[in-house]
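The following report describes selected parts of a structure, taking the overall build of one chain before the surroundings of a ligand and a few single residues.

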Amino acid sequence: MWPKARDYLPPLGLLLALFGLWELVAWRLELPFILPAPSAIFIRMASDWLLLLRHALVTLEEVLLGLAIAFIFGLALALLIFHSKTLERAIYPLVIAVQNVPVFAIAPILVLWLGYGLFSKVAVAALIIFFPLVVNTVDGLRSTDRGLVDLFRVLEASRGQLLLKLHLPHALPFILSGCKVGVTLAVVGAVIGEWVGSNAGLGFLMVQANARLKIDLLFAAIFWLAALSIALFGLVSAIERAALPWRRVGQG
Amino acid sequence: MLRLSGIEKGILRNGLPLKVLAGLDLEVGEGEFVSLLGPSGCGKTTLLNIVAGLIRPDSGRIFFNGREVSSCRGHVAYMQQDDLLLPWRTALENAILGPELKGADLHRARHEAEGLFHRFGLEGFEDHYPAELSGGMRQRVALIRTLLTGKRLFLLDEPFGSLDAMTRSVLHRYLLGVFEEFEKTILFVTHDLEEALLLSDRVYLLTARPARVKALLEVPLPRPRDRGEPRFIRLERELERLVQEELHVA
Ligand SMILES: Nc1ncnc2c1ncn2[C@@H]1O[C@H](COP(=O)(O)OP(=O)(O)OP(=O)(O)O)[C@@H](O)[C@H]1O
Ligand SMILES: [Mg+2]
């Protein structure tokens, strides 16, 4: 269930080795404004922990709100597409096309329209999660085994039962893997939104630190960002494990 | 109990019309165990799908207890060729799908299912997921699910086709036990000649595609049957001869 020591020790060791190497290089180069030593970054993380935490929470809020909004609307749209042939023919090709448009590119427009506050970043995050989620969910709903549908028909299941007890449970792994992919991309999206224009968040902090040549703080923010992404990915994975106990069996 | 008359069905395969059923007549009486024996691909599953109301015949009529039921559903329990268990449900949750969809008392359904799990040698596997079960166990769960629908008429499509001989004969015993105790009527599809003779009161032998009834054989032997018994062997030879004849024609 949880990765065993054997699984996480090697990457951890490698990471430590890389940090050690980095530390040596940084000491040799003595260029703190270009490459601060990891020790300096960690000292910064300790001394400015409250500042970093405050901005990280803003970014986290943006991503989580974006995820929630994308989840609700994405699921709703996927169900509509699944249920209506007309909608499917009209909307689905567009969804697939738009899925390939880099939402990052429209971040400036969203900031222009929705302002420097929270909403523009929530919108970027939500849009990034939305499209892969819709596509994944529709794929999941559609791929239900024909024989299982027949089984439900013979048992005279209602349309609601067919959806709730067959199509949705079948699509759940697809939905969750859509969220998993989406959530880490959404962190990047929120940060880009913050770069374009904002007054809080890790992206904002990075821009500020950069302008003031506080490079150690810039790196500290990047470390937080990485941690945030990994934590969110881990969270969705944990939800996945809890929601799909049957997927764990038969695979050892 | 069930009567089919003149069932015809054609399908399109790769854009070409293909006749699958060519005017099939058959009858299953109340409390009878009737087998449909036919070569692979002759249209047995198609026929059961029609009886279950999943697809419409091109022509022909279906009567259930004297009432015409062409293309309606809900009068039969249908155990399809694959076990079709829901992978996200435990064995027990799978078994009670029928009562659950009908909105019946779940507590009672669970209780009944537990009894059947016990009886079918599945004790202790109630909370296992299908992926953890062997093929034979999965078939038994599917059979219990079919039983719990509470229907009188069972359509069983090669339920034991993929099992080894030993598991299969155990399941034969379970099925016959259920058939007698719960007074079911069974229409059983198989392409295994011996299986048909071991289980059924009557055997319809179908021709190769397009399927028609080639012969009807009565099996007036008491159950449980003994493969080595002379009368059994005589019937087996006769059926074998008819099958060979059909294979030569096709
Ligand atoms: N959905 C389909 N698409 C194309 N061909 C089909 C389809 N369903 C059935 N067929 C064809 O119709 C014929 C009859 O199929 P059916 O499944 O009824 O045969 P069967 O007797 O049940 O075979 P088996 O013993 O292999 O289960 C086969 O030749 C098959 O190729
Ligand atoms: Mg078949």
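Helices are here DSSP runs of H or I with at least four residues, strands are runs of E with at least two, and both are numbered from the N terminus. By that count chain A has 11 helices and 0 strands, in a model that is predicted. Read from the N terminus on, the elements of chain A therefore follow the order α-α-α-α-α-α-α-α-α-α-α. The C-alpha trace of chain A spans about 75 × 50 × 30 Å along its principal axes, and 44% of the 252 residues of this chain count as buried.

**Surface and loops of chain A**

A:Val25 counts as partly exposed because its relative accessibility is 36%, a value that lies between the limits of 20% for buried and 50% for exposed.

A:Ser198 has its place in the loop between helix H8 (159-196) and helix H9 (202-211) of chain A, and A:Ser198 is buried because its relative accessible area is 11%, where buried means under 20%. The side chain of A:Ser198 reaches the backbone oxygen of A:Glu194 at 2.8 Å. A:Pro102, for its part, is found in the loop between helix H4 (85-99) and helix H5 (107-114) of chain A, and with 46% relative accessibility A:Pro102 counts as partly exposed. Between A:Pro102 and A:His55 there are 47 residues of separation in sequence and 25 Å in space, taken from C-alpha to C-alpha.

**The surroundings of ligand 1**

Ligand 1 is surrounded by 14 residues, of which the closest are B:Arg13, B:Lys44, B:Thr45, B:Thr46 and B:Arg209. By type, the residues of this shell divide into 3 nonpolar, 7 polar and 4 charged. Strand E1 (2-13) and helix H1 (44-51) of chain B each supply at least two residues of the shell, and H1(B) gives the most, with 3 residues.

| Residue | Atom on the protein side | Distance from an oxygen atom of ligand 1 |
|---|---|---|
| B:Arg13 | N or O atom in the side chain | 2.7 Å |
| B:Gln81 | N or O atom in the side chain | 2.9 Å |
| B:Cys42 | polar backbone atom | 3.2 Å |

Of the 630 Å² of accessible area that ligand 1 has on its own, the protein covers 64%.

**A strand residue of chain B**

B:Glu27 lies in strand E2 of chain B, which comprises residues 16-28. Is B:Glu27 buried, partly exposed or exposed? With a relative accessible area of 45%, B:Glu27 is partly exposed. Although B:Glu27 and B:Leu2 are 25 residues apart along the chain, their C-alpha atoms are separated by 5.7 Å.

Terms used
Residues numbered from 1 in each chain as written. Chains lettered and ligands numbered in written order. Predicted model: local features only at pLDDT ≥ 70, side-chain atom pairs only at ≥ 80, totals over all residues. Heavy atoms only, no water. Near = heavy atom within 4 Å. Polar contact = N/O pair within 3.5 Å; in protein donor to acceptor, adjacent residues only side chain to side chain. Areas by Shrake-Rupley, 256 points an atom, 1.4 Å probe, with all protein chains shown as cover. Nonpolar A, V, L, I, M, F, W, Y, C, P; charged D, E, K, R; others polar. Buried < 20%, exposed > 50% of the residue type's maximum accessible area, 1.4 Å probe, protein only.
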